[in-house]
Amino acid sequence: MNLDAKIPEGPLSEKWSSYKRNVKLVAPNNKRKYEIIIVGSGLAGASAAASLGELGYHVKCFCYQDSARRAHSIAAQGGINAAKNYQNDGDSVWRLFYDTIKGGDFRAREANVHRLAEVSTNIIDQCAAQGVPFAREYGGTLANRSFGGAQVSRTFYARGQTGQQLLLGAYQALSRQIGLGSVKMYERTEMLDVVLVDGKAKGIVVRNMVTGEISTHVANAVVLCTGGYGNCWYLSTNAIGCNVTAAWRAHKRGALFANPCYAQIHPTCIPVSGDYQSKLTLMSESLRNDGRVWVPKKAEDAKKDPRDIAEEDRDYYLERKYPSYGNLAPRDISSRSAQEVCDEGRGVGKTGLGVYLDFGDAINRLGRHTIEERYGNLFDMYKEITGELAYEKPMRIFPAIHYTMGGLWVDYELMTTVPGLYAAGEANFSDHGANRLGASALMQGLADGYFVLPYTIGRFLAEEGAARPSGDEDEFKEAAQSVRDYNQKILNIKGKQTVRDIHRRLGQIMWNKCGMSRNKSGLKEAVQEIPQLREEFWSDVHVPGTGEELNQQLEKAGRVADFLELGELICRDALDREESCGGHFRSEHQTEEGEALRHDDQFAYVSAWEYGNGRGPKLHKEDLKYEEVKMVTRSYK
C-alpha cells in the first residue's frame, strides 16, 4: 500500500497557503446538494459541523451523549496554545511549530504541525468573537500562562474551565446551525460501522441507545471526530464512555491505524485510591505554573505529614534534574521522573504512588486570593475527591493515562486510507508525534474543525460530485445486518463474567506491560495474554437484556470487545518499535542518564497498521522527512 500524505510542494511556511490557493471549490449554490456525516460533537466535531453547516452543506452530527455539550472536551481545563506573542517574550509560529515537533520527539509530520501552528492564531480570534471568556490582563488584553515543554507564555485560558468554555463556544455555533436547519443532531446514537460503496465511505450504521433501533445514514463524506482510546488501559483520565469503537470499526473497513503505542501519561492526576476505582481525575497541568513538585529526600519521611518535612529535607527533583524547565518539564519526562522517585521508595500517600504538588511558595509570594482566582475550581475539585485542602497541604499527584497520540492514519487533508472517510482531532494521529505538549489538544481539535476540514472536504466533494447512494443498496443492508448479528452474538454468550471485570483485567495487562515503561519480554507476554483474555470474553462474558432496548451493558461490551483487539495491536506496535520516544519508553533503550534513546536511523517513520482479519495486522510505514528542522536529542536541562 502506498501511503501518500499529499503534502503540498513548496517551502514549509507556504504549504498551507499554497494548498488553499489551488484547492478545488464547491460553488455556494451547489453546497446544499451535499450531505456530510460528522461522528462526535466535541471540539473537533462541533466546530466541524458548525463550520460546514455555515458553509451551506447539509450536515448530520451524531454523538452518544445526551447532549453535544457533554462531550469529553469539556474536561480539558488548563488552556489552549496559540502563537500570538502577546507577552512579547519571543514566541512565533515557528517557535510553536518547533516546540511541538520537538515535544513529540520528532515523530510527527512536519507539514501538518506547521499548519497547526499557523492556524492557532485564528482559533483565538474565532473563539474570542464567539464570546469565550478568556482571562484578561488589567488593560484588557488576553492573558497567557505557560505549559510544559515551552519557555514562552502562549497558553490562553478561562480560569480552570478552558475546555468547557471553548466547547460552549463551539456548541452555540453548532446550535445556531441546528436552528437554521443546516445541521441535524442525533444524540444518544452510537456509530457501529462505516458503509463503503465502491470502496468509498458513503454512510454509517448507528444504534439508537434508547430504543436499540439499528439504522443507516447516507452521505457524500464521513468525518470521525470521536476522540482517543485511553480507556483501553481501563483506568485513565478519560470519561467512562470514551471508546475506540467508531475508529476501530473504520479500521476493520480498511482505514489504517497509526502509531497506536503512543499514549500520553499525564503527570498531574489524583493518585489511585483502591482496586475498584473506575476512573482517574486529572488536575490541570496549568497548576505546575505555580506549584512545585517534590518528594522527601529520605524514604523514611514518605509517611510523614508533608508540613512536618523541613525545606532542606525536600527533593524538588524536576527543578534539580531539568533546571531550564523545572516544574514545566514535558509530560512524558515529568511522569517518568515521578515513577523513578516512587520506585526509590520516596513516593507519598497510602500506596506510595504519589508525589507532592506544593503551592506554599506561590501562596506566600502571591497571596491565597491570587491562587484562588487562577485555580480555585481545581482546588475545590481536589477537595471534593480527597477531602484535603490544597491551600494548606500539598496536593498528591501521580501519572495516569491521559491522551492518545495514535489514531487513524490521515493524509494532509485529514482523509484516511478509505476515500471519503476523514478523521479529525484526537481520532487521528497526525500532529503530536510520540508526545503531546500541554494545551495542544484543544488547539488541534479546533484547528481541524474550524479551519482545515472546510477546505479539504470541499476538494473531495468538488471532484466526486453530489451523487450519492439512496441507502437501499446491498452494502447498507449487509452492514446493518452485520451489526445486528454482532450484538446478538454478544448477547448469546450468557457467561459468568461481567464486562467490567474483563475490561479491568485488560487494563492491568496494558498498564503493567505497556504503560509508563515497556520492555520486550513484557510486551511479548502481553501479546500472548490479550488474545487469551479475548477468548474468555467471547466464551464467558455475561450481558443481560436484549438489543432492542436501553442496554448499557451491551454498549460497554461492544466497546470492550474493540479494546481487546486494539490492546493487542498497541502492544504489537510497541514491541515493533525498538526505541524510546515520548510516551513510548522502552527500558532497553535509554541513555546512561535514564533519558529516552531514539534510533532515528531505523524508526523515523509512522507505523500504519492494516487490519489483519484473522491473519494478523500488517505494518506499513510512512517515512518522516524533515526538510526544515534537524532531528536532535531532546534536552530540557
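Guide: Helices (H or I, at least four residues) and strands (E, at least two) are DSSP runs, numbered from the N terminus. This is a predicted model, where local features need pLDDT of at least 70, side-chain atom pairs count only at pLDDT 80 or more, and totals for chains, interfaces and linings use all residues. Residues are numbered from 1 along each chain as its sequence is written, and side-chain values use heavy atoms, leaving out hydrogens and water.

Visitor: Where is Asn85, then?

Guide: Asn85 sits in the loop between strand S3 (80–81) and helix H3 (93–103). Asn88 is in the loop between S3 and H3 too.

Visitor: Why is Asn88 called exposed?

Guide: Buried means under 20% relative accessible area, exposed over 50%, and partly exposed in between (1.4 Å probe, protein chains only). Asn88 has 66%, so exposed is the word. Asn85 has 26%, so that one is partly exposed.

Visitor: What makes the phi of Asn85 worth a look?

Guide: Phi of Asn85 is near 55°, a positive value in a residue other than glycine. Phi of Asn88 is also near 55°. Most residues other than glycine have a negative phi.

Visitor: How do you know that Glu110 has no salt bridge?

Guide: A salt bridge is a side-chain nitrogen of Lys or Arg within 4 Å of a carboxyl oxygen of Asp or Glu. For Glu110, which is buried, the nearest side chain of opposite charge (Lys and Arg count as positive, Asp and Glu as negative; His and the chain ends are not counted) is Lys15, 6.7 Å away. Glu110 lies in helix H4 (residues 110–130).
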